[in-house]
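Student: Hi! I have a new structure open and would like a friendly walk through it. Could you help me find my way around?

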Amino acid sequence: MISVIHDTDRSRFTSTVDGVLCVLDYQLQNGAMAITHTGVPSAVGGRGIAAELTRQALLTARENGWKVRPYCSYADAYIRRHPEYTDLLA
């Protein structure tokens, strides 16, 4: 289980795995969550951490009625692989 924390003050979702910080950064712009960066260091890569960070961000956007702009290439690819989130696209 990957634990994700939503740090609203820094506009990011974080997860610390084996002492390594992983992040998804976003900006709120006119009622839309612009996902700007997903970062998972290679030391903990391949464990589904980026996917869980992205999933939590998309669920948060849905709960708040925000649209999503996936400027980050990972988030864009994730949404294409998971069409249940395409309704969120701005």
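**Strands, turns and helices**

Tutor: Happy to! Start at a pair of facing residues: His6 stands opposite Phe13 in S2. Keep in mind as we go that this is a predicted model.

Student: Thanks. How do S1 and S2 pair?

Tutor: They pair in the antiparallel sense, over three bridges. The two strands form a hairpin with four residues between them.

Student: Which residue in that turn has a positive phi?

Tutor: That is Ser11, with a phi of about 50 degrees. Ser11 is a residue other than glycine.

Student: OK, next hairpin. What does the one between S2 and S3 look like?

Tutor: It has two residues between the strands, and Asp18 takes a positive phi near 50 degrees there. Asp18 lies in the loop between S2 and S3, and at 59% relative accessibility it counts as exposed.

Student: And how many bridges join S2 to S3?

Tutor: Six, and the two strands run antiparallel. Two facing pairs to click on are Ser15 opposite Cys22 in S3 and Arg12 opposite Asp25 in S3.

Student: Let's stay with Arg12. Where is it, and is it buried or exposed?

Tutor: Arg12 is in strand S2, which covers residues 12–17. Its relative accessibility is 14%, so it counts as buried.

Student: What does the side chain of Arg12 make a polar contact with?

Tutor: With the side chain of Asp25, at 2.8 Å. Leaving aside neighbours within four places in sequence, Arg12 is also in contact with other residues, including Ile5, His6, Leu21 and Tyr26.

Student: What about Asp25, buried or exposed?

Tutor: Asp25 counts as buried, because its relative accessibility is 16%. Not counting residues up to four places away in sequence, Asp25 touches Ser11, Arg12, Ala34, Ile35, Thr36 and His37.

Student: How many residues of S2 are buried?

Tutor: Five of the six, so S2 is largely enclosed by the rest of the structure.

Student: Which residues of H2 are buried?

Tutor: Ala75, Tyr78 and Ile79 are buried in H2, which spans residues 73–81. Seen down the helix axis, the buried residues fall within an arc of 95 degrees, so they line one face of H2. An α-helix has 3.6 residues a turn, so residues three or four places apart point the same way.

Student: What do those buried residues pack against?

Tutor: They pack against strand S4 (32–39), helix H1 (49–64) and strand S5 (67–70). The face of H2 turned away from its buried side carries the exposed residues Ser73 and Arg80.

Student: Last topic: the largest nonpolar core. Which residues touch the most other members?

Tutor: The core has 21 residues, and Phe13, Leu24, Met33, Ile35, Leu58 and Val68 touch the most other members. S2, strand S3 (20–29), S4, H1 and H2 each give two or more residues to this core. H1 gives the most, with five residues.

Student: What does Leu58 touch?

Tutor: Not counting residues up to four places away in sequence, Leu58 touches Ile35, Val68, Tyr78, Ile79, Tyr85 and Leu88.

Note on methods. Residues are numbered from 1 along each chain as its sequence is written. This is a predicted model: local features need pLDDT of at least 70, side-chain atom pairs count only at pLDDT 80 or more; totals for chains, interfaces and linings use all residues. Side-chain values use heavy atoms; hydrogens and water are left out. Buried means under 20% relative accessible area, exposed over 50%, partly exposed in between (1.4 Å probe, protein chains only). The arc is that of the directions from the helix axis to the C-beta atoms. Contact means heavy atoms within 4.5 Å. A polar contact is a pair of N or O atoms within 3.5 Å; within protein, one must be able to donate a hydrogen and the other to accept it, and residues adjacent in sequence count only if both atoms are side-chain atoms. A nonpolar core is a set of buried Ala, Val, Leu, Ile, Met, Phe, Trp, Tyr and Cys residues joined through side-chain atoms within 4.5 Å. Two strands pair if DSSP finds at least two bridges between them.
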